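Thanks for coming, everyone. I have one model to walk through today. Let me put it on the screen.

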Number of protein chains: 2
Amino acid sequence: MKKLIYPNSADLIEALQRPELNSIDLESLVKEIFDTVKSKGDKGVREYVQQFEQLDVTSLKVSREEMQEAAQNISEELKKAIETAAKNIQTFHEAQKETVQKIETMPGVTCWRKSVGIEKVGLYIPGGTAPLFSTVLMLGIPANIAGCKRLVICTPCGKDGKVHSAILFAAQFIGITEIYKVGGIQAIAALSVGTESIPKVYKIFGPGNQYVTAAKQYAQKLGLAIDMPAGPSEVMVIADKTSNSVFIAADLLSQAEHGADSQVVLVSTDKEMVEQIESEIKVQLEVLPRKEFATKSLENSSAIVVQQAEILSIINEYAPEHLILQTDFNMELLDGIINAGSVFIGAYTPESAGDYASGTNHTLPTNGYAKQYSGVSLDSFVKKITFQEITKEGIQNLGETIELMAEAEGLDAHKNAVTVRLNSIK
Amino acid sequence: MKKLIYPNSADLIEALQRPELNSIDLESLVKEIFDTVKSKGDKGVREYVQQFEQLDVTSLKVSREEMQEAAQNISEELKKAIETAAKNIQTFHEAQKETVQKIETMPGVTCWRKSVGIEKVGLYIPGGTAPLFSTVLMLGIPANIAGCKRLVICTPCGKDGKVHSAILFAAQFIGITEIYKVGGIQAIAALSVGTESIPKVYKIFGPGNQYVTAAKQYAQKLGLAIDMPAGPSEVMVIADKTSNSVFIAADLLSQAEHGADSQVVLVSTDKEMVEQIESEIKVQLEVLPRKEFATKSLENSSAIVVQQAEILSIINEYAPEHLILQTDFNMELLDGIINAGSVFIGAYTPESAGDYASGTNHTLPTNGYAKQYSGVSLDSFVKKITFQEITKEGIQNLGETIELMAEAEGLDAHKNAVTVRLNSIK
């Protein structure tokens with residue numbers, strides 16, 4: 001970790017810069033794959049799976065037998081853990097439901113809005129170095145609560161030609177049975193244009209590598225919605241002399257192990273605490289299976305010692321995906337936090353609680369996008385339709401206002417739609 | 001209007017097709033302008049205003065004197081109308097505020113979320129054939145309620161080198177005083193990258209032509225958020241033999257006058273009603289100042305006679321931006337509507353009420369995007385940050401669940417962040 005002790009503002013700004021995102025232009029490759037999937041359908045998808053994953057997938061859809069087999073591969077302990085996590089995620093997202101509230105904005109003018117689930121949604125679950133079955137819960141549970149009618153998962157097989165059992169178990173646990181064995185650009189293409197077996201959906205969710213990200217951007221160009229733009233995962237930890245260096249070292253490493261491009265920023269009001277955390281990191285790092293990822297990630301990361309008064313502006317300027325507060329002045333910070341994805345308060349609140357099981361969503365804005373984006377929530381799976389009903393009395397109250405404004409905008413037919421009604425009442 | 005009487009499903013699907021959006025590739029032009037604005041700042045912006053609008057804008061920012069002068073140009077009647085509309089919009093959007101609700105998902109595990117206004121937002125207000133001051137209210141009022149700290153308007157001048165008085169009045173009426181005289185791609189570029197005078201914002205709202213749309217798409221690629229993808233405005237009207245043909249003709253024309261590419265679809269269970277509406281359109285069209293736009297738009301539009309049972313699937317397949325229900329079975333339709341932007345119920349509820357003054361937002365998803373997008377609302381101007389606080393008891397309750405899941409995903413450092421805490425409690 002680079003260490004900055006009471007840096008000046010220029011050095012501070014530089015330390016909080018995120019590395020440039022890999023900007024290889026993948027659009028021509030993405031377009032080619034989308035076009036092929038559109039023209040050749042399932043056959044096109046299978047050819048790409050063959051080409052990119054060296055797998056011969058005769059049937060794209062996971063069969064009922066494969067689902068049943070998966071359930072048998074999962075320990076009872078893990079099943080129970082998934083059940084507990086699912087329950088908490090359900091509870092937290094269920095509370096986000098809105099009741100319809102009719103508002104009479106003026107006498108005879110009643111307006112309301114209603115949340116309706118997006119009919120067809122695609123959930124992309126990466127395979128790769130970690131089988132992210134937790135993401136199945138984080139996306140599938142709010143989609144169910146929202147009332148989405150068709151939930152489709154695409155996920156790549158492992159080298160054995162099978163989807164990871166935990167992914168299949170988590171999916172069926174929450175009632176998702178439509179799962180296709182395809183990953184990468186071809187998965188996003190199939191969800192965007194539709195094939196004989198894979199339906200065209202309206203919105204695509206889920207994390208992925210740069211290929212998946214480029215494909216989601218292209219899908220957005222075609223008019224599909226996506227959850228949010230993607231970037232490497234990151235955490236900012238705020239510490240002081242009262243922090244527990246063992247806990248914080250563990251939190252920093254849990255972020256760093258995601259990948260070499262993960263970002264870790266430690267901000268402390270106490271220099272000794274930084275040193276204790278650094279030496280604790282060395283100890284804990286030694287026994288980590290993903291030591292290599294974590295080491296690389298830590299090389300790009302910073303530890304900054306600052307005055308307490310500077311902390312809020314550092315948080316809001318960096319806009320961290322995950323923000324851990326482990327100081328004796330946590331409560332003084334809360335109201336001033338404007339830009340962050342998810343905030344973890346106090347010594348016994350590790351980020352991994354939110355990653356898996358406390359109930360909050362783990363799909364969060366990275367790369368500073370917390371300045372303008374929220375994490376995934378129930379909102380992400382609904383559209384809110386507005387309704388209005390105006391009585392004769394209402395149009396008499398409101399009519400002239402509309403006429404005057406329409407006229408001033410030069411839109412006479414808009415005005416006339418009111419005039420004909422007012423005339424009919426006279 | 002093309003007329004279809006009890007069409008078969010193939011003809012129906014064709015009639016509900018939207019025209020292909022103009023897909024001129026503007027990206028290289030957009031990139032050039034963004035790059036120039038980034039390197040040359042205000043000077044670059046002024047050069048483009050000169051080049052594209054033949055206007056010499058020495059100062060980009062609207063001055064206090066111009067604001068004051070604008071207020072004097074507005075009639076008291078129109079001021080009163082703007083005040084009434086603003087009050088209704090305020091009332092409807094104010095009701096969308098969410099109170100913080102702390103959820104204890106399991107003993108000792110407390111999660112909540114808080115809405116925070118996006119700090120800096122840019123509102124694009126087109127000039128062009130209609131000075132859309134109503135859009136200033138529709139975007140500015142929810143931005144204020146959300147607590148956005150810096151609201152910036154960009155809008156092109158008219159040929160006289162001035163911003164339309166009604167736009168300036170509406171802006172200052174709701175407290176927006178930072179307005180720049182620039183439209184088109186260069187406006188979106190300035191809001192995206194920032195110049196000496198125009199701040200870089202985090203999210204850009206507002207309608208615009210294909211140049212503005214292409215620029216907003218490009219801004220999105222750079223990581224900014226935008227309100228929603230754009231397309232031509234449209235209305236679907238549902239009629240039966242009880243409808244008022246004069247009202248419906250006026251509603252169809254109020255949509256058609258927007259532009260030659262506006263879409264109008266009339267769906268009726270009664271053939272005679274369609275004929276009455278058609279002849280009424282001819283009468284009303286004659287006196288419209290924007291007759292030419294409306295005539296062209298109607299040429300691309302359809303009137304369809306169907307059985308009542310087919311109506312819901314037609315609505316949901318088309319996913320209209322505006323949906324007007326003027327039948328004696330309106331209430332039977334409401335629950336089944338899944339895809340629509342805003343719904344207008346009953347004879348005395350013209351679309352223009354929602355365009356201006358009833359309180360609902362008029363920035364709505366077009367082009368079928370109502371399948372996956374909501375209209376603009378208070379939600380559009382906030383991010384929802386999640387928070388969690390776990391006690392010793394909480395991590396004891398939840399810890400094993402997290403450990404098991406992290407281990408199964410192969411993320412040992414995630415597991416360890418819990419283990420070190422559990423060990424410390426033992």
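Where is the place of B:Gly194? B:Gly194 sits in the loop between α8 (184–193) and β7 (203–205) of chain B. Helices (H or I, at least four residues) and strands (E, at least two) are DSSP runs, numbered from the N terminus.

Before going on, the ground rules. This is a predicted model, where local features need pLDDT of at least 70, side-chain atom pairs count only at pLDDT 80 or more, and totals for chains, interfaces and linings use all residues. Residues are numbered from 1 along each chain as its sequence is written, chains are lettered from A and ligands numbered from 1 in the order in which they are written, and side-chain values use heavy atoms, with hydrogens and water left out.

Back to B:Gly194. Is B:Gly194 buried or exposed? B:Gly194 counts as buried, because its relative accessibility is 17%. Buried means under 20% relative accessible area, exposed over 50%, partly exposed in between (1.4 Å probe, protein chains only). Leaving out residues up to four places away in sequence, B:Gly194 touches B:Ala189, B:Pro199 and B:Lys200. Contact here means heavy atoms within 4.5 Å. B:Val37 is 157 residues away in sequence, yet its C-alpha is 8.2 Å from that of B:Gly194.

Now the whole chain. Chain A has 17 helices and 14 strands. Its C-alpha atoms fill a box of roughly 85 × 60 × 45 Å along the principal axes. Of its 426 residues, 62% count as buried. Take the contacts in chain A with a separation of 6 or more: 75% of them come from residues 24 or more positions apart.

Surface next. Chain A exposes about 16100 Å², and carbon and sulfur atoms supply 49% of that. Accessible areas come from the Shrake-Rupley method with a 1.4 Å probe; for residues, only the protein chains shown count as cover.

Domains. Chain A divides into domain 1 (2–19 + 232–359), domain 2 (23–229) and domain 3 (391–425). These bounds come from an automatic or database domain assignment. The centres of domain 1 and domain 3 of chain A, taken over C-alpha atoms, lie 58 Å apart.

How do the two chains relate? A rotation of 180° with 0.0 Å of shift along its axis superposes chain B on chain A, with an RMSD of 0.0 Å. The two copies are therefore related as by a two-fold rotation axis. The same surface serves both copies, as 100% of the contact residues of chain B recur in chain A. The superposition is by least squares on the C-alpha atoms of residues with pLDDT of at least 70 in both.

One residue touches both chains. A:Leu398 lies in helix α16 (residues 392–408) of chain A. A:Leu398 counts as buried, because its relative accessibility is 0%. Beyond residues up to four places away in sequence, A:Leu398 touches A:Met106, A:Val109, A:Ile390, B:Thr84, B:Asn88, B:Ala357 and B:Ser358. A:Ala249 is 149 residues from A:Leu398 along the chain, and their C-alpha atoms are separated by 62 Å.

Two helices to look at. Helix α7 (residues 165–173) of chain B is mostly covered, with 7 of its 9 residues buried. Among them are B:Ile167, B:Leu168 and B:Phe169. Their cover includes α4 (64–73), α5 (76–94), α6 (133–146), β5 (150–154) and β6 (179–180) of chain B. Just after α7(B), B:Gly175 takes a positive phi of about 90°.

In chain A, helix α13 (residues 311–318) has these buried residues: A:Ile311, A:Ile314, A:Ile315, A:Asn316 and A:Tyr318. Elements covering them include α1 (9–16), β9 (234–239), β10 (263–268), β12 (322–326) and α14 (330–334) of chain A. A:Ala319 follows α13(A), with a positive phi near 55°.

Most residues other than glycine have a negative phi. A:Asn367 is not a glycine, but has a positive phi of about 55°. A:Asn367 is in the loop between α15 (351–356) and β14 (382–390) of chain A. Its relative accessible area is 18%, so A:Asn367 is buried.

Last stop, a strand. B:Val265 is in strand β10 (residues 263–268) of chain B. Its relative accessible area is 2%, so B:Val265 is buried. B:Ser302, 37 residues away in sequence, is 5.1 Å from B:Val265, C-alpha to C-alpha. Questions, please.
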